[in-house]
Amino acid sequence: MQAQPDALGMWGLAVALAGGAARGSIPYMFVSLGECLTETSGKINLGMEGVLLMGAMTAFGISDHTGSPWMGVLAAGLVGALLGIVHSLMTQQSKVNDVATGIAMILFGSGLAFFFGKRFVAPMAPQLPLVNLGGWSGNPAVQSALRISPLFFVGIACAFFLHWLLTRTRWGLKIRAAGDDPQAARSLGINVNGVRAFAITTGACLAAIGGAHLTLYFPGIWSEGISGGQGLMAVALVIFARWSPRRCLAAALLFGGAQALGPSLQSLGVTGYYHLFNASPYVLTLVLMIVTCTPNRRLIGMPGALGKK
């Protein structure tokens, strides 16, 4: 949003923060929902940062090649699912450590993205159409601030769908059983490996769609540093959200608002400590991890078999 401090004042700051939170929350939202589904099944995918970057690069390249941003989103989801299949095959082998595999997937996914992304130097690929939530205002600054990507609404729908899936369906019961006690789940005839493969693959698909937002709307370009560590922060966000899809949605909005704080203040002419405000998401990640991972709170809501074979 362009600066018009005299006309909007603190009201402008609120509008800018609301719009910025909606825009900035989308990668956190999709990655955290994907990781929430994965961890609910009892597995950890720390490689979401690599998946996010591959999704961003793929979406940009396909959108630039075909002229269709929605084809870019679809391609990103498919590439994310392929990476999820690779991660699933690796982590379900005996004596394979989830954390080490996740780190390897970060390097593998980001390396692929950087290698294939070198050819995509176009200033901007065709972008996703925007939803104008500021039509009620005649102020151009308000309208600009409230132009939101449709992926924001897709993410909200995914959060409520995942909540329903995990709490109200037989398939959700299988996922939670695999995550809480795989031995008991196997004794009931549940294919634990199959359930976990589905959760990991679907989770990586969602994370890659979050990456598509980075190159097809905000910031709308492809570069090697485009994610800024959002994939890793979103994994930490799942712990703060206590493995609940709806709380992941709320936490993603909180992180998105923290990310929007610096630009929103700058739009009102507050330029001091700009880089400190831009570091808000990273500071918030550290604070939340310290607060929520104390010995007395660490296990609340955590799947019983998380990180175990």
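I call a residue buried under 20% relative accessible area, exposed over 50%, and partly exposed in between, with a 1.4 Å probe and protein chains only. The model is predicted, so I note that local features need pLDDT of at least 70 and side-chain atom pairs pLDDT 80 or more, while totals for chains, interfaces and linings use all residues. Residues are numbered from 1 along each chain as its sequence is written, and side-chain values use heavy atoms, with hydrogens and water left out.

**Entry: salt bridges**

I searched the whole structure for salt bridges (a side-chain nitrogen of Lys or Arg within 4 Å of a carboxyl oxygen of Asp or Glu) and found two. In one, the closest N and O atoms of Lys118 and Glu224 are 3.6 Å apart. Lys118 lies in the loop between α4 and β1 (131-132) and Glu224 in the loop between α9 and α10 (230-240), so this pair ties together parts 106 residues apart in sequence. Helices (H or I, at least four residues) and strands (E, at least two) are DSSP runs, numbered from the N terminus. I list Lys118 as exposed at 56% relative accessibility and Glu224 as partly exposed at 41%.

In the other, Asp98 meets Lys43 with the closest N and O atoms 3.2 Å apart. Asp98 is in helix α4 (residues 98-117) and Lys43 in the loop between α1 (5-40) and α2 (48-66), 55 residues apart. I list Asp98 as buried at 6% and Lys43 as buried at 2%.

I then checked contacts (heavy atoms within 4.5 Å). Beyond its neighbours within four places in sequence, Leu151 is in contact with Phe30, Val73 and Ile209, among others.

**Entry: Ala204**

I found Ala204 in helix α9, buried at 0% relative accessible area. Leaving out residues up to four places away in sequence, Ala204 touches Met48, Val51, Gly80, Ala81 and Gly84. From Ala204 to Gly34 the C-alpha distance is 6.0 Å, although 170 residues separate them in sequence.

Phe161 and Trp164 are three residues apart in helix α6 (residues 150-168), separated by about one helical turn. I list Phe161 as partly exposed at 47% and Trp164 as partly exposed at 44%.
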